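Please look at the sequence and the model below before reading on.

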Amino acid sequence: MAHLAIIGPGAIGCTMLGWLGRSPAHRVFACARTPFETVTLETPDGVLESRPTVLTVPADAPVVDWVLVATKTYDTAGAAEWLRRLTGPRTHVAILQNGVEHLARFAGIVAPGMLLPVVVDCPAERIAPGRVRQRGPGRMTVPDSEVGRAFVALFAGTPLEGLTTSDWRSVAWRKLCLNAAGAVNALTLQPARIAHDEAVANLMRAIVREAILVGRREGATLDDALTETVIASYRSAPPDAINSLHADRLAGRPMEIDARNGVIVRFGRQQRISTPVNETVVTLLNAIASPAKV
Ligand SMILES: NC(=O)C1=CN([C@@H]2O[C@H](COP(=O)(O)OP(=O)(O)OC[C@H]3O[C@@H](n4cnc5c(N)ncnc54)[C@H](OP(=O)(O)O)[C@@H]3O)[C@@H](O)[C@H]2O)C=CC1
Ligand SMILES: CC(C)(CO)C(=O)C(=O)O
């Protein structure tokens, strides 16, 4: 039996808990900041309920075979406290976050050989502690390696799809292009439906075009057609779907501004590629997050 710990039982963490917690092959621990007892996962095909072992104090955590980190990128310091207790020499640590800097973010926290970066495609919304709505199918993409294949095997018997790829960098940049455009939803406080407004779609296109230029210079293979793929993805989402950056703004939490748009500006500066649209987005979101005090 594999022992699994999921740090950050929010939208993605509870989706993992809901599905992995059903398998008799796993013993699953939820490492939570806010306590809850039951995971209620509303999936497109019905509601799953489970009662994982919920830990709220890192000192109580056992060493496990797998840790799945599903906190926001800005909560890495909190995740690190758990990782110190959960990891032993044979533990693997999968990072289920957005952005393209999974490995850099956890360098110095766990040994690089233990880390597995994961691109998560799974629209999910947090409703309350332990209660999440999974709004569509879930897919996790990892590098093709022995550890990557072992990660994929954890999801056997669940509808969550695990995929390996020999070009993880490109998959991560494609997802970043999608997420970067989602800043417009957080700025306007409008869900996915706003992408049907052609002027707004043009702004999203401009954000994605900059990300494509920067991502290519970082070594990712990104087609020009990705711009339209991103717009089509927002337009085909449920009109009221709320992305996780928008959800953070609505809840008054910090936002993953730097991991999703700031990264395009930072890498762009290093490569001498100008990214004025992402820079504007970052300036506005930062001003919303920390209004100037005079
Ligand atoms: N939601 C989505 O559809 C998708 C999200 N992603 C990415 O996945 C990652 C997770 O996002 P998402 O699930 O939406 O985030 P959520 O905000 O829904 O969940 C994050 C969870 O982490 C918990 N947490 C924060 N600090 C700690 C800590 N120190 N110890 C334990 N738990 C902690 C939070 O606790 P508390 O309840 O106290 O706030 C919360 O439950 C992000 O990088 C996001 O961009 C990727 C694909 C889709
Ligand atoms: C693209 C989307 C909306 C769901 O996969 C996402 O990644 C997020 O909400 O952060």
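## Ligand 2 and its shell

The shell around ligand 2 is made up of three nonpolar, four polar and two charged residues; here Ala, Val, Leu, Ile, Met, Phe, Trp, Tyr, Cys and Pro count as nonpolar, Asp, Glu, Lys and Arg as charged, and the others, Gly among them, as polar. These residues are N98, C122, P123, K175, L178, N179, N243, S244 and R260, a residue being near a molecule if one of its heavy atoms lies within 4 Å of it. Helix α5 (residues 168–181) gives the largest share of this shell, three residues; helices (H or I, at least four residues) and strands (E, at least two) are DSSP runs, numbered from the N terminus.

Polar contacts are pairs of N or O atoms within 3.5 Å. An oxygen atom of ligand 2 lies 3.0 Å from an N or O atom in the side chain of N179, and an oxygen atom of the ligand is 3.1 Å from such an atom in the side chain of R260. Of the 290 Å² of accessible area that ligand 2 has on its own, the protein covers 84% (Shrake-Rupley method, 1.4 Å probe).

## Basis of the model

The model is predicted: local features need pLDDT of at least 70 and side-chain atom pairs count only at pLDDT 80 or more, whereas totals for chains, interfaces and linings use all residues. Residues are numbered from 1 along each chain as its sequence is written, chains are lettered from A and ligands numbered from 1 in the order in which they are written, and side-chain values use heavy atoms, with hydrogens and water left out.

## Ligand 1 and its shell

Ligand 1 is surrounded by 27 residues, of which I12, T34, N98, R126 and E256 are the closest. By class, this shell has twelve nonpolar, eight polar and seven charged residues. At least two residues of the shell come from each of α1 (11–20), α2 (76–86) and β9 (124–128).

A polar side-chain atom of R126 is 2.7 Å from an oxygen atom of ligand 1, and an N or O atom in the side chain of K72 lies 2.8 Å from an oxygen atom of the ligand. The protein covers 92% of the 900 Å² of accessible area that ligand 1 has on its own.

## Two domains

The protein chain is divided into domain 1 (2–165) and domain 2 (168–289), with bounds from an automatic or database domain assignment. Their C-alpha centres lie 24 Å apart. The contact between them (heavy atoms within 4.5 Å) takes 21 residues from domain 1 and 22 residues from domain 2. Each domain supplies at least three residues to the shell around ligand 1, and each supplies at least three to the shell around ligand 2.

Technical notes: Polar contact = N/O pair within 3.5 Å; in protein donor to acceptor, adjacent residues only side chain to side chain.
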